[in-house]
Each structure stands twice: as structure tokens, then as C-alpha cells.
2 protein chains.
Amino acid sequence: MTTKRIEIVQDILNVNDQIAEQTSSELHLHHIFSMNIMASPGAGKTSLIMRTLAALSPEIRSAVLEGDTAPVTIDAEKISGIGIPAIQINTGGDCHLNANLVRKGIQALDLDTLDLIIVENVGNLICPASWKLGTDINVVIASIPEGDDKPYKYPNIYRGIQALVLNKIDLKPYVDFNVSYFKAGITALNPQVEFFEVSSKTGEGIDAWTAWLREKITQLS
Amino acid sequence: MTTKRIEIVQDILNVNDQIAEQTSSELHLHHIFSMNIMASPGAGKTSLIMRTLAALSPEIRSAVLEGDTAPVTIDAEKISGIGIPAIQINTGGDCHLNANLVRKGIQALDLDTLDLIIVENVGNLICPASWKLGTDINVVIASIPEGDDKPYKYPNIYRGIQALVLNKIDLKPYVDFNVSYFKAGITALNPQVEFFEVSSKTGEGIDAWTAWLREKITQLS
């Protein structure tokens with residue numbers, strides 16, 4: 001019975017990956033760059049997205065897909081409150097977005113008017129790692145108060161990412177956090193990852209992050 | 001195919017609950033109180049457990065089961081370093097403990113020498129909510145830097161708990177966190193939950209939390 005379940009789950013993953021590839025092709029046809037943002041609950045995904053949108057607008061036209069496990073529109077309302085199209089995706093309790101949900105979200109957008117789609121995944125350091133969404137890059141946002149041991153405890157999430165944004169560096173004076181130990185844990189898993197240290201609260205470091213992202217977006221368009 | 005998968009998952013949940021009941025009965029036969037601790041990654045589960053063990057020892061004889069998604073013994077080593085039996089349970093990438101894993105962990109302990117078993121679940125605000133472990137109480141540890149909106153975004157985890165420990169209150173001066181808004185979100189889901197505000201770093205509030213816990217443990221023995 002266990003074996004049967006594993007087979008079926010693999011089928012679902014294969015279908016997921018096929019849908020992710022369709023999403024990728026469709027977005028590239030429209031010269032849209034896309035980014036999947038993953039993090040623990042409370043690492044500051046939405047705040048970083050708000051800062052990122054503020055830095056990229058109006059030259060880069062963006063939309064955001066907001067993944068939530070419940071029908072709560074707190075984050076989507078923040079995004080649409082600054083004039084950016086936001087689609088809320090409710091996973092119905094599931095611990096991750098999947099390619100099909102993202103595809104449905106994308107179908108609700110006018111792709112001819114966009115350069116960038118940011119997907120805010122469900123707050124979770126485990127489940128999202130296994131599900132391709134069809135985005136160009138995957139990013140993990142970590143934060144100083146979460147502690148520097150996370151790459152050692154939750155290794156899978158760091159393996160498939162292109163960038164790591166370490167948020168809440170304004171809290172460094174008040175929290176024990178060894179940046180070298182943290183980075184060493186990630187580069188051991190994924191030597192190519194780009195690191196950015198930022199504070200969405202003070203704005204520190206946001207320029208370097210958005211400059212890198214702007215270059216990625218421009219390369220595609 | 002989707003329907004078949006749901007049936008099989010329900011079977012597994014039923015088996016899980018049966019094992020959880022066996023665990024509960026066995027621990028009660030030995031007059032052992034047990035507690036399942038759930039939280040986001042980095043909320044401070046292990047630090048709070050260390051503080052709790054320090055406050056309860058040596059009158060209350062404890063052991064800790066450490067849930068991890070990877071074969072990493074950082075937390076288990078911290079616990080055993082202060083002379084408390086610690087068993088590491090590696091979920092092999094799964095986002096939660098289940099009753100069978102906990103049962104195996106308990107079988108590795110000498111139950112005649114214990115009054116309390118603390119189970120540290122995998123850091124995750126979604127998956128652990130669905131899996132009974134057979135413990136007497138379930139506790140969520142939240143932390144100030146995670147933000148006050150978590151009960152609204154991750155409601156399921158708060159429904160089955162008896163206590164909420166709000167950790168890292170030493171960071172209140174540096175983070176926007178509305179305690180009333182946070183508590184209101186939880187009491188709307190679960191009016192009976194006990195609240196504790198603590199700092200595992202400074203020790204503030206630990207006495208009230210451990211006094212409550214000591215009473216629960218004593219009631220059983």
C-alpha cells in the first residue's frame with residue numbers, strides 16, 4: 001500500500017513538472033521573467049516584495065501571485081494597495097504551491113502588460129522545495145532572528161535556489177547570528193547561490209538585490 | 001486517481017491515530033506526561049526546551065525527542081549536553097513527525113525513569129497540525145520577529161493546542177508586533193488556549209510557563 005502511494009505521488013509530480021514547463025514557455029513567449037520566493041513564516045517575504053516592487057516600478061511592470069494556506073487576503077491586499085496586480089492563491093491547507101495553482105493564477109493576469117511575475121510561496125522551509133512552478137529563478141528569504149543553523153537543518157530548500165536574501169539585518173545587534181556559519185552551510189549545498197543581506201525595514205541592501213534582479217529581468221526581455 | 005490517493009492518505013491517518021492512542025496509553029501507564037512542541041523554523045523551540053528543562057530538573061525527570069528533516073544532530077546534542085536523554089528522529093525530508101516515528105523514539109527510552117517527554121516537532125506551521133502523536137498537550141511556540149499575523153495566515157496549527165508560548169519578547173522594542181491582534185487571532189480559533197510571553201534569552205516569563213507545565217505534570221503523576 002505504501003508502494004502504491006509512492007507511485008501515485010510520483011505521477012502527480014510528473015504532471016506538475018509538465019505544467020511547470022508549459023508555464024515557463026508561455027511566460028518566455030511574453031518576455032516575462034518570473035521568480036518563486038520561499039521562506040519560513042515571518043521571514044519577511046511580503047515586505048521584501050513590497051520593497052522590490054517600489055525599486056523596480058514603473059520601468060518594470062510587475063504582478064504578484066500570493067500563496068496562502070487559508071482564504072486570507074492580508075498580503076494580496078498590501079500588494080494591490082500599492083497599485084500592483086495581485087492574485088491570491090489559496091492552497092486549501094496544503095503546505096506549498098504547485099505548478100497547476102500557479103498556472104491558474106497566471107491565467108488571471110494580462111501577460112501582455114507585464115515584465116515580471118513574483119510568486120510568493122506558502123511560508124514553509126520544507127514542502128515548497130519539491131514542487132517546480134516554472135519560474136526562472138527560486139529565491140529563499142532567510143532572516144536574522146531565525147538563527148544561523150537553518151541550512152544545516154532544512155537542507156533541501158537551498159539546493160534549487162539561485163539567490164538567498166538574508167533579511168532583518170537591522171536586528172543583528174540584538175541576536176546571535178554567525179553570517180559566515182550560515183553562508184558556509186548554504187554554499188556546501190549550493191556553491192552558485194548569490195547572497196544579499198538586506199533590511200526591508202530600513203532599506204539597507206535593497207539596492208544591490210534589486211540591481212541583480214533588474215539585470216536578470218532585462219536579460220530576458 | 002486523485003480520489004484513490006485521498007482514500008489511502010486517510011487510511012494512513014487512521015493508522016497514525018491508533019498508534020497515537022497506544023503511545024498515550026503506554027505513557028499514562030508509566031505516569032509520564034508528554035508534550036508536542038510545534039513552531040516555525042527558528043522560533044526558538046530548542047532554546048525554550050533547554051530553559052524548561054533547567055527549571056524542572058532535577059525534580060521532574062525528562063527526555064526529549066528531537067524531530068528533524070535531515071540527519072543533523074545539532075539540537076539533540078544541545079539537549080544531551082545538559083545531561084538529558086535525547087533521541088533524534090529523522091523524518092527523511094517529511095515536514096512533520098508522525099505517531100509511528102514518535103513511538104519508535106519512545107521505545108528507545110527507559111520509561112520507568114521518566115516523568116516528562118518533550119517532543120520537538122519539525123519546524124513547520126502547517127504539516128504537524130494534522131498528525132496526532134499521542135502527547136497530552138500540544139504547544140505552539142511563536143516569536144516576536146515572525147509577526148503578529150501568523151494566526152490569520154496559518155490557522156490550523158492553533159486549533160488543537162493547549163498553550164501558546166510567545167518567545168523572543170526581548171526583541172519587542174525593535175519589531176512591530178501587536179500582541180492584542182496576535183492573541184485575538186488565536187482566541188478566535190481556540191478560546192481555551194493559555195498564553196505565555198517569554199524570552200528564552202533573558203529568562204523573562206519562563207517561571208510562569210514552567211509553573212503551569214509543572215502543575216500539568218504533577219496532576220498526572
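Predicted model: local features only at pLDDT ≥ 70, side-chain atom pairs only at ≥ 80, totals over all residues.
Local features need pLDDT of at least 70 and side-chain atom pairs count only at pLDDT 80 or more, while totals for chains, interfaces and linings use all residues. Residues are numbered from 1 along each chain as its sequence is written, and chains are lettered from A in the order in which they are written.

**The two chains**

In the interface, 33 residues of chain B are in contact with 33 residues of chain A, contact meaning C-beta atoms, placed from the backbone, within 7 Å. On the side of chain B that touches chain A, the elements giving two or more residues are helix H1 (2-29) and helix H5 (150-153) of chain B. Helices (H or I, at least four residues) and strands (E, at least two) are DSSP runs, numbered from the N terminus. Because 100% of the interface residues of chain B are also interface residues in chain A, the copies meet through the same surface.

**Helix H3 of chain B**

Helix H3 (residues 74-81) of chain B has the buried residues B:Asp75, B:Ala76 and B:Ile79. They cover an arc of only 100° around the axis, which puts them on the same side of H3(B); the arc is that of the directions from the helix axis to the C-beta atoms. A residue is buried if 20 or more other C-beta atoms lie within 10 Å of its own, exposed if 12 or fewer, and partly exposed in between. The face turned away from the buried side of H3(B) carries the exposed residues B:Glu77 and B:Gly81. Among the elements that cover the buried residues of H3(B) are those tabulated here.

| Element of chain B | Residues |
|---|---|
| Helix H2 | 45-56 |
| Strand E2 | 62-68 |
| Strand E3 | 86-90 |
| Strand E4 | 116-120 |

Just after H3(B), B:Gly83 takes a positive phi of about 85°.

**A buried loop residue and the core**

B:Ile32 lies in the loop between H1 and strand E1 (33-39) of chain B. B:Ile32 counts as buried because it has 24 C-beta neighbours inside 10 Å. Leaving aside neighbours within four places in sequence, the contacts of B:Ile32 include B:Leu111, B:Leu114 and B:Ile117.

The largest nonpolar core has 124 residues, and those with the most contacts inside it include B:Ile117 and A:Val165. Such a core is a set of buried Ala, Val, Leu, Ile, Met, Phe, Trp, Tyr and Cys residues joined through C-beta atoms within 7 Å.

Key
Contact = placed C-beta atoms within 7 Å.
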